[in-house]
Amino acid sequence: MMILMLIQITLASTMDRVYVQQPFTHIHHSASRFSMILTTFECNHPLTIDTKKSSSEWLHALYGEFEGFVMAEHVGDQRNENCLQYKYPKFFEVLNLGIGDMHKWARLLDLFDEGESLPSGVKK
Amino acid sequence: MILIFCLSFLWAQETKDQTTLEKAMDAGFVDFKEVKEVLQKDGLKKEAEQRQQKVETKKTIRKIEQKQKIRFPVEEDFWEIMTMLWLVQNSDILKWDFKRPAYGVSEAFDDLLSWTGMFGIRYKILYVNGPSISHMAFPGKKNDVIFILSVPFMKAIDLSKTEITLLMLEDLLRINKGYFKETVSPKDLKEYFGVEYQKKPYSKQLIDQVMTNYSDFVFQKGFNFQQQFEVTKHMGEILKSRLNIWNAYFSVIKRIDGLVKSNTLYKDYNRLFPSPELQMQWLTPAKVER
């Protein structure tokens, strides 16, 4: 009984709850932006993360039947109040994005190489 | 028996309390004003007022939030949404969804921006696998820029990382000077920024107009001579303190000039960025006659 409880506690401690921070994001089959896309999630969608199987760049995500990898920079531990589609729901209603558009939007965010110019000595 | 005894005792006690209270009231001992004062002293009234105030504040915040939700995006959010939407809508022409290696351009661009002292610029680079855009910067949020770089174009003139970053710097200057937004904005667009839907209703037509303007600008019109002259001169000023980089920039323009004259795939380059030949002239220092 004690051993079972210990196993449960260990398992529970490796699971984390995160929320999508970008307007749209993908869960990939493996930890690569070019790997197969399993599904697309909207901003603020909660995901369960297995920290044991995650790296600093890719998090092992679980949601329902889906199990794959999500970009670490696309999620955060709190809801994003500044998500564009929640900030401007009327505007997005007018945009009338289809599923294909949402998929492509998330794909763009996958493929961008990002950077920031900072004075020397300042950490990113 | 015990239960009956207990109940009768409780009843007797209650009757006694009631009679005491009635007697006290008759004698004027219970002063309700005094009770009120005690309550005020305890801060109960204050607490009630604070609660009421909190409810009012919540209501006001909710009202503001509701108003914000139906407003047109503020300027910086608008350009980010429009650029992303245009890239989404034109994915088939641009061909950005392809497998590629890490080119390491970001690191080189960071170095160039640090050297020029242009700090606080956040950027995204999207590589495309077609010749429809050779290189171009698009507006995003404040201090955010989205760069498009064509891999076939870079390969056609065999650009090094440093040379690619020089074209990116050129594009960044164009964005900073506001040429892109200026050209693609419909007439009254500014009047919509941050305004509630009821005050200034908008339709998909306005967004479609911006999308058409984006395409016209990127594929057809491009920059004018005056804008090109200003950007080229500005580049010359920035780079002149490091001759090797200035030479690299001049060499890039020379190679582009050769490409647009020899390769029909890039014949439109001159129309979008007029023109590499003129740029070389503008960069060459004027000869001093003696």
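1. In chain B, I125(B) stands opposite F147(B), a residue of strand β3(B). Strand β1 (residues 122-128) of chain B and strand β3 (residues 144-150) of chain B pair in the parallel sense, over 7 bridges. Two strands are said to pair if DSSP finds at least two bridges between them, and the strands themselves (E, at least two residues), like the helices (H or I, at least four), are DSSP runs numbered from the N terminus.

2. Some care is needed in reading this, for the model is predicted: local features need pLDDT of at least 70 and side-chain atom pairs count only at pLDDT 80 or more, while totals for chains, interfaces and linings use all residues. Residues are numbered from 1 along each chain as its sequence is written, chains are lettered from A and ligands numbered from 1 in the order in which they are written, and side-chain values use heavy atoms, with hydrogens and water left out.

3. Which helix does α8(B) meet at roughly 60 degrees? The axes of helix α6 (residues 105-116) of chain B and helix α8 (residues 161-176) of chain B cross at that angle and come within 9 Å; axes are lines fitted to C-alpha atoms, for helices over the stretch in contact, and angles run from 0 to 180 degrees between N-to-C directions. That makes α6(B) oblique to α8(B), given that angles under 35 degrees count as roughly parallel, over 145 as roughly antiparallel, 65 to 115 as roughly perpendicular and the rest as oblique. By class, their contact (heavy atoms within 4.5 Å) has 10 nonpolar, 2 polar and 1 charged residues. Here Ala, Val, Leu, Ile, Met, Phe, Trp, Tyr, Cys and Pro count as nonpolar, Asp, Glu, Lys and Arg as charged, and the others, Gly among them, as polar.

4. Helix α4 (residues 75-89) of chain B and helix α10 (residues 204-221) of chain B pack at an angle of about 70 degrees, with their axes 10 Å apart, and are therefore roughly perpendicular to each other. The residues of this contact divide into 11 nonpolar, 3 polar and no charged.

5. The axes of helix α12 (residues 243-262) of chain B and helix α14 (residues 276-283) of chain B come within 8 Å and cross at roughly 155 degrees, which makes α12(B) roughly antiparallel to α14(B). The residues in this contact are 9 nonpolar, 1 polar and 4 charged.

6. In chain A, 5 bridges join strand β1 (residues 15-20) to β4(A), and these two run antiparallel. T48(A) in β4(A) is the bridge partner of R17(A), while the partner of T48(A) in β5(A) is L62(A).

7. A search of the whole structure finds 1 disulfide over all chains, a disulfide being a pair of cysteine sulfur atoms within 2.5 Å. C43(A) and C83(A) form this bond, with their sulfur atoms 1.6 Å apart. C43(A) lies in the loop between β3 (37-42) and β4 (46-50) of chain A, and C83(A) in the loop between β7 (75-76) and α2 (84-87) of chain A, so the pair ties together parts that are 40 residues apart in sequence.
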